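Subject: Structure handover

Hello,

The structure we discussed is below. Please look it over first; notes on what was found in it follow.

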Amino acid sequence: MGEARAPSGTSSRRRTLRDETIKHYLETIYYIAHEEDRVRPSRIAEWMAVSAPTVSTTLSSLKEDGWIELGEGRSVVLTAKGRTTAEEIVRSHRLLERWLTDKLRLDWAEADLEAQNLAPVVSAELADRLDAHLGNPTTCPHGNVIPGRAAPYGTLVALADLEPGRWSRIRRISEVAEHDAPDLLSYLYDEELVLGTRVRVDGDAKTSGAVNVHTGKRSVALGIETARSIWVEPE
């Protein structure tokens with residue numbers, strides 16, 4: 001009897017799964033690196049909800065294949081090759097979010113979840129067509145800059161650190177905060193704390209333990225950690 005053969009397409013499916021894993025790790029490292037001082041394996045494990053040994057094994061493979069480097073204290077750094085691929089995925093993710101919110105009218109949270117599932121399989125050609133269709137936006141719906149574009153705003157300040165009484169406009173929601181607190185996007189969307197909203201802070205957050213935000217139409221009390229995830233441009 002001849003040697004049994006694997007069903008047609010099995011090796012291809014395995015390769016696709018591996019490619020998706022690589023992309024997921026590279027995207028995760030990119031996001032954490034842009035918001036936090038260092039990217040540590042423990043933070044990646046927390047972000048991806050996988051075990052520390054799994055992360056350690058995968059990082060070793062990524063290093064061998066030239067996607068990352070391991071620095072001091074096993075901090076993780078993308079190589080030029082890794083950064084290029086990560087930026088392609090993040091670009092697709094943020095363009096998809098734009099399309100899903102601007103054209104299909106999904107709310108922030110729904111669009112973020114759908115984009116997360118779709119981004120790793122979007123081709124460069126499709127991303128380019130989507131970009132042109134949307135008029136070449138500079139940011140995702142939450143104000144995070146699309147790789148390759150210049151930020152459409154100046155110096156930003158965390159809402160928690162904003163000087164009381166000073167009017168500002170919301171420009172960005174932390175990508176890490178979006179991930180760590182999935183309900184945050186829905187909450188901010190429902191409270192109309194969206195990009196471009198003019199806000200001011202009243203009172204001393206350190207004393208009250210909360211940030212009282214006024215939009216001119218309504219007042220919203222936010223926890224300090226939530227307020228640290230919202231970045232504003234002072235007027």
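This is a predicted model, and the protein has a mean pLDDT of 87, with 90% of its residues at 70 or more; pLDDT is the predictor's confidence in each residue, from 0 to 100. Local features need pLDDT of at least 70 and side-chain atom pairs count only at pLDDT 80 or more, while totals for chains, interfaces and linings use all residues. Residues are numbered from 1 along each chain as its sequence is written, and side-chain values use heavy atoms, with hydrogens and water left out.

Confidence and overall make-up

The protein has 10 helices and 8 strands. Helices (H or I, at least four residues) and strands (E, at least two) are DSSP runs, numbered from the N terminus. Over residues 1-17 pLDDT stays under 50, and the model has 1 contact beyond four places in sequence for them. Contact means heavy atoms within 4.5 Å.

Of the 235 residues in the protein, 41% are buried. Buried means under 20% relative accessible area, exposed over 50%, and partly exposed in between (1.4 Å probe, protein chains only). Among the contacts with a separation of 6 or more, 65% are between residues 24 or more positions apart.

Helix α3 (residues 52-64) has 13 residues and reaches 18 Å from its first C-alpha to its last, close to the 18 Å expected at 1.5 Å a residue. The expected span is 1.5 Å times one less than the number of residues. Val55, Thr58, Leu59 and Leu62 are buried in α3. They lie on the same side of α3 because they cover an arc of only 105° around the axis; the arc is that of the directions from the helix axis to the C-beta atoms. The face of α3 turned away from its buried side carries the exposed residues Pro53, Thr57 and Glu64. Gly66, with a positive phi near 85°, follows α3.

Helix α8 (residues 183-190) has Leu184, Leu185 and Leu188 as its buried residues. Their arc around the axis is only 100°, which puts them on the same side of α8. Asp183 and Asp190 are exposed on the other side of α8. After α8 comes Glu192, whose phi is positive, near 60°.

Cores

A nonpolar core is a set of buried Ala, Val, Leu, Ile, Met, Phe, Trp, Tyr and Cys residues joined through side-chain atoms within 4.5 Å. The largest has 22 residues, and those with the most contacts inside it are Ile29, Ile44, Leu59 and Ile68. Two or more residues of this core come from each of α1 (10-35), α2 (41-48), α3, β2 and α4 (80-103). The most come from α1, which gives 7 residues. Not counting residues up to four places away in sequence, Ile29 touches Val39, Ile44, Leu59, Ile68, Val76 and Leu78. Another core, of 20 residues, lies apart from this one and includes Leu184, Leu185, Val211 and Leu222.

A buried serine

Ser75 is in the loop between β1 (68-70) and β2. Ser75 has a relative accessible area of 9%, so it counts as buried. Leaving aside neighbours within four places in sequence, Ser75 is in contact with Arg38, Val39, Glu69 and Leu70.

Regards
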